[in-house]
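Here is a friendly tour of a ligand site and a neighbouring topic, pockets. Please have your viewer ready.

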Amino acid sequence: MQRLQDRVAVITGAGSGIGLATARRFAQEGAKVVVVDLDEVAGTKAADEVGGLYVKADVSVEDDVVRMFQTAHDAFGSVDIAFNNAGISPPEDDSILTTGIDAWRKVQEVNLTSVYYCCKHVIPYMRRQGKGSIVNTASFVAVMGSATSQISYTASKGGVLAMTRELGVQFAREGIRVNAVCPGPVDTPLLRELFAKDPERAQRRLVHIPIGRFARAEEIAAAVAFLASDDASFITAAEFLVDGGISSAYVTPL
Ligand SMILES: NC(=O)c1ccc[n+]([C@@H]2O[C@H](COP(=O)([O-])OP(=O)(O)OC[C@H]3O[C@@H](n4cnc5c(N)ncnc54)[C@H](O)[C@@H]3O)[C@@H](O)[C@H]2O)c1
């Protein structure tokens, strides 16, 4: 499919995981990809692989965000798609009883304030163009409670979801669609390592997933490519769950 032919797409956190899989998918579909990541080695590698442009930026710093969209526009002449995806889930963000204010703030800055900066600074380009598609990465934990808490992470993703809804409604008549993708747990090296160490903890999570396994990053990327493309032309302000059925389940198959 070439649904994104010649669209200019800025992807944050494109050096790894969901962002990297989406950079690959967007490029396959014909997009010009701007790879944004704090990690210079991973970012450069990803950009080389997809024939894109690497921009080093910290998405929690406003000047960096302004610069990355400006660079994309200078290089390619438009900014058609913004996949605001970079995020962190550090171990010091845990139960509310033990999570300190510094850990709370760090996660809010990287996961939520960054999406505010990205939307704030990409929407003016899209308004001038009279079109654009924004996809923000939230999470299934924005719609469900977890007893294995990461309190600031969950709150940040709830904020991303609410902000997405509001922006989707506000800019709908200007040709700008704003949606949130809510991935379920994705099979990442970090997750695999954790579960190799603690099979009981893995089982405790897997039992809630009707499909019976974690997502592959490519499966999230496929949903993002759909939301970014004109195939989703009547979808805006949506929370798009790609969670293997977790958020709809009561009793799951064994
Ligand atoms: N992996 C999951 O199970 C899962 C589930 C739901 C939601 N998510 C969300 O999906 C998004 C991507 O997660 P992932 O699993 O692919 O993560 P990942 O750690 O594999 O990749 C994240 C990338 O973002 C970059 N990054 C981190 N902080 C940055 C910053 N301040 N500025 C620029 N780049 C920065 C990192 O260098 C890394 O390359 C995150 O928002 C995460 O919260 C992940």
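## The second largest pocket

Strand 5 (132–137) and strand 6 (176–183) each contribute at least two residues to the lining of the second largest pocket; strands here are DSSP runs of E with at least two residues, and helices are runs of H or I with at least four, numbered from the N terminus. This is a predicted model, where local features need pLDDT of at least 70, side-chain atom pairs count only at pLDDT 80 or more, and totals for chains, interfaces and linings use all residues. Residues are numbered from 1 along each chain as its sequence is written, and side-chain values use heavy atoms, with hydrogens and water left out.

The second largest pocket holds about 260 Å³ of space. Of its 16 lining residues, Gly-132, Gly-175, Arg-177, Asp-230 and Ser-233 are the closest to its centre. A pocket is an open set of points on a 1 Å grid over the protein atoms alone, where a 1.4 Å probe fits, with protein on both sides within 12 Å along at least five of seven lines; lining residues have an atom within 4 Å of a point. The volume is the space filled by probe spheres set on the points, which are joined across faces, edges and corners.

## Around the ligand

The ligand is surrounded by 26 residues, the closest being Ser-16, Ile-18, Asp-37, Asn-85 and Tyr-153 (a heavy atom within 4 Å). Helix 1 (17–28) and helix 5 (151–170) each supply at least two residues of this shell.

Ligand oxygen atoms lie 2.8 Å from a polar backbone atom of Ile-18 and 2.8 Å from one of Val-186. A ligand nitrogen atom is 2.9 Å from a polar side-chain atom of Asp-58.

Technical notes: Polar contact = N/O pair within 3.5 Å; in protein donor to acceptor, adjacent residues only side chain to side chain.
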